[in-house]
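The following exercises concern a single protein chain. Each task is followed by a solution that goes step by step.

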Amino acid sequence: MNFADIVVIFSVTALVATAVLIIYKSRKTGKRSCGGDCSHCGGCGKEDKS
């Protein structure tokens with residue numbers, strides 16, 4: 001392995017770690033996760049349309 005390979009591997013690892021951290025934080029705060037409770041969801045198609 002040469003220096004360029006090490007730099008590329010480090011960069012890709014940093015990008016993946018950042019993406020995982022962002023997803024983890026957003027799920028922890030409930031911003032982008034479903035939550036599994038369809039009774040309060042407007043996007044699942046089971047909302048009351050009466």
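In this predicted model, the side chain of serine 26 has a polar atom 3.0 Å from the backbone oxygen of isoleucine 23.

**Exercise 1.** Determine where serine 26 is found and whether serine 26 is buried or exposed.

*Solution.* Step 1: serine 26 belongs to helix H1, which covers residues 3-29. Step 2: the relative accessible area of serine 26 is 10%. Step 3: buried means under 20%, so serine 26 is buried at 10%.

**Exercise 2.** State what share of the protein chain is buried and how many helices and strands the protein chain has.

*Solution.* Step 1: of the 50 residues in the protein chain, 2% are buried. Step 2: the secondary structure consists of one helix and zero strands. Step 3: the protein chain exposes about 4,700 Å², and carbon and sulfur atoms supply 63% of that area.

**Exercise 3.** Identify which residues make the nonpolar surface patch of about 340 Å², and classify valine 16 by its relative accessible area.

*Solution.* Step 1: the patch is made by Val8, Val12, Val16 and Val20. Step 2: one of these residues, valine 16, lies in helix H1. Step 3: the relative accessible area of valine 16 is 48%.

Definitions and conventions. Residues numbered from 1 in each chain as written. Predicted model: local features only at pLDDT ≥ 70, side-chain atom pairs only at ≥ 80, totals over all residues. Heavy atoms only, no water. Helix = DSSP H or I, 4+ residues; strand = E, 2+ residues; numbered from the N terminus. Buried < 20%, exposed > 50% of the residue type's maximum accessible area, 1.4 Å probe, protein only. Polar contact = N/O pair within 3.5 Å; in protein donor to acceptor, adjacent residues only side chain to side chain. Areas by Shrake-Rupley, 256 points an atom, 1.4 Å probe, with all protein chains shown as cover. Patch = residues over 30% accessible without salt bridge, like charges linked within 9 Å, V, L, I, M, F, W, Y side chains within 5 Å. Salt bridge = Lys/Arg side-chain N within 4 Å of Asp/Glu carboxyl O.
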